[in-house]
Amino acid sequence: MPIPTIDPSTYAGQLADKVSQFKHNFAAFALPEPEVFASEPLHYRMRAEFRMWHDGERIDYAMFDPAEPKVPVTIEHFPQACESISAMMPRLRERLQGSLVLRHRLFQIEFLATLSGEMLITLVYHRPLDESWEPAARELAAELGVKLIGRSRKQKIVLEQDWVLESLELNGRQLRYQQIEGSFTQPNAGVNRKMLGWACAQAASLDGDLLELYCGNGNFTVALAPCFGHVLATEVSKTSVGAANYNLLANGIDNVQMVRMSSEEISGALARTREYLRMKDVDLDSYRFTTLFVDPPRSGLDAPTVELARGFDRILYISCNPLTLQDNVAALQDTHQISAAAVFDQFPYTHHLECGLLLTRR
Ligand SMILES: C[S@@+](CC[C@H](N)C(=O)[O-])C[C@H]1O[C@@H](n2cnc3c(N)ncnc32)[C@H](O)[C@@H]1O
């Protein structure tokens, strides 16, 4: 995929093309008219990473076109990045340029920003970080008002903390989310808010208990929990489970049990074919599951998880890959139909499209 170029005048047209492709791909499944949630056409990404290109004394942000992987494309502006990252980029570059200890063998820079105004910057080096790095980095962090991490092979120096706190308004609630460096968070915060709103609107008329798979840091869990009696939420990444537990507490949610489990494991646990120590505090018989919420990686649901899904009256499915979603919907077609659909343009100017379906038992 070449480095995406941004021309906001083409935005509406490129989204219309993606929506029409989506409708075409799902036409065989009696797709209801999808709700379409556009992105901001500029400044929509809360995460960005760049290689640093050294030319003599000079350093520049750079990206590489996979078609020409050895030729750096130096970047002065990156209008995909949110306003705060865009504003920070030249300040940071100039500051690093002026400090040999901070720029020496600097390989990559990663930005993570929030709507709440926090920012975490990770500087990745191709050299061990010695004792001169930390004071210089502390001064930089204080000057720029950011959290800073230094990384090198087998080395991670966290100056303050390795996370930021997001805060966003949803249906009159102010939701708070810990987002940890290096673990999954939705890249387009504006569109993420629209996804949360759509998911809550679908769940408003549902009842019973919810099983959630692939919950990450509890992004949807925190938003959806008040719609259900009880929630069992699962996720495979230990770091994300830690963040999800933090976020349940931070948002005063007390009807969710979190378990670190892969989707493959939870299928076995619910079918009672396997027992897990991690489930020892979970009384599966106490749940009255009616709804399954899934937000899997690009590979979609594996076959055992599709079979698990078949047992639910309602499946609320957020997907970042319409192709694997299509396969999963086809596999469930004999038992479930699409009752509502939405597309969310998380990744403007690329062919990627996030989508949501509510599947209900026939
Ligand atoms: C697309 S992200 C969604 C996370 C979360 N729902 C959100 O909105 O931020 C997919 C999540 O699935 C997790 N994951 C990947 N493979 C998994 C598996 N086999 N079982 C359970 N979780 C998995 C990843 O760690 C990641 O947190």
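Is Arg 105 buried, partly exposed or exposed? In this predicted model, local features need pLDDT of at least 70 and side-chain atom pairs count only at pLDDT 80 or more, whereas totals for chains, interfaces and linings use all residues. Residues are numbered from 1 along each chain as its sequence is written. Arg 105 is partly exposed, because 13 other C-beta atoms lie within 10 Å. The classes rest on C-beta atoms placed from the backbone: a residue is buried if 20 or more others lie within 10 Å of its own, exposed if 12 or fewer, and partly exposed in between.

Arg 105 belongs to the loop between α3 (100-103) and β5 (106-113). Helices (H or I, at least four residues) and strands (E, at least two) are DSSP runs, numbered from the N terminus. The phi angle of Arg 105 is near 55 degrees, which is a positive value in a residue other than glycine. A positive phi, near 60 degrees, is also found at Arg 272, again a residue other than glycine. Arg 272 lies in the loop between α8 (263-270) and β14, and counts as exposed, with 8 C-beta neighbours inside 10 Å.

For "active site", the unreviewed UniProt entry lists Cys 320 and Glu 354. These two span 35 residues in sequence, yet their C-alpha atoms are not more than 4.3 Å apart, so they gather at one spot. UniProt positions are given in the numbering used here, feature names are shortened, and annotations may be inferred rather than shown by experiment. Cys 320 is located in the loop between β15 (314-319) and α10, while Glu 354 is part of strand β17 (residues 354-361). With 19 C-beta neighbours inside 10 Å, Cys 320 is partly exposed; Glu 354, with 25, is buried. Contacts (C-beta atoms, placed from the backbone, within 7 Å) were listed without residues up to four places away in sequence. On this basis Cys 320 touches Arg 298 and Glu 354, and Glu 354 touches Ile 318, Ser 319, Cys 320, Phe 344 and Gln 346.

The "binding site" annotation in the unreviewed UniProt entry covers Gln 186, Tyr 214, Asn 219, Glu 235 and Asp 295. Among them, Tyr 214 is placed in the loop between β11 (209-213) and α6 (219-224), and Asp 295 in the loop between β14 (289-294) and α9. Tyr 214 is buried, with 22 other C-beta atoms within 10 Å, and Asp 295 is buried with 22 such atoms. Apart from neighbours within four places in sequence, Tyr 214 is in contact with Glu 235, Ser 263, Val 294, Asp 295 and Pro 296. With the same exclusion, the contacts of Asp 295 are Tyr 214, Phe 220 and Ile 318.

Helices α9 (residues 303-310) and α10 (residues 322-332) have axes that come within 10 Å and cross at roughly 50 degrees. Axes are lines fitted to C-alpha atoms, for helices over the stretch in contact, and angles run from 0 to 180 degrees between N-to-C directions. The two helices are therefore oblique to each other, a class left after roughly parallel (under 35 degrees), roughly antiparallel (over 145) and roughly perpendicular (65 to 115). Val 306, Ala 309 and Arg 310 in α9 meet Asn 328, Ala 331 and Leu 332 in α10. The residues of this contact divide into four nonpolar, one polar and one charged. Ala, Val, Leu, Ile, Met, Phe, Trp, Tyr, Cys and Pro count as nonpolar, Asp, Glu, Lys and Arg as charged, and the others, Gly among them, as polar.

Technical notes. Two residues are in contact if their C-beta atoms, placed from the backbone, lie within 7 Å.
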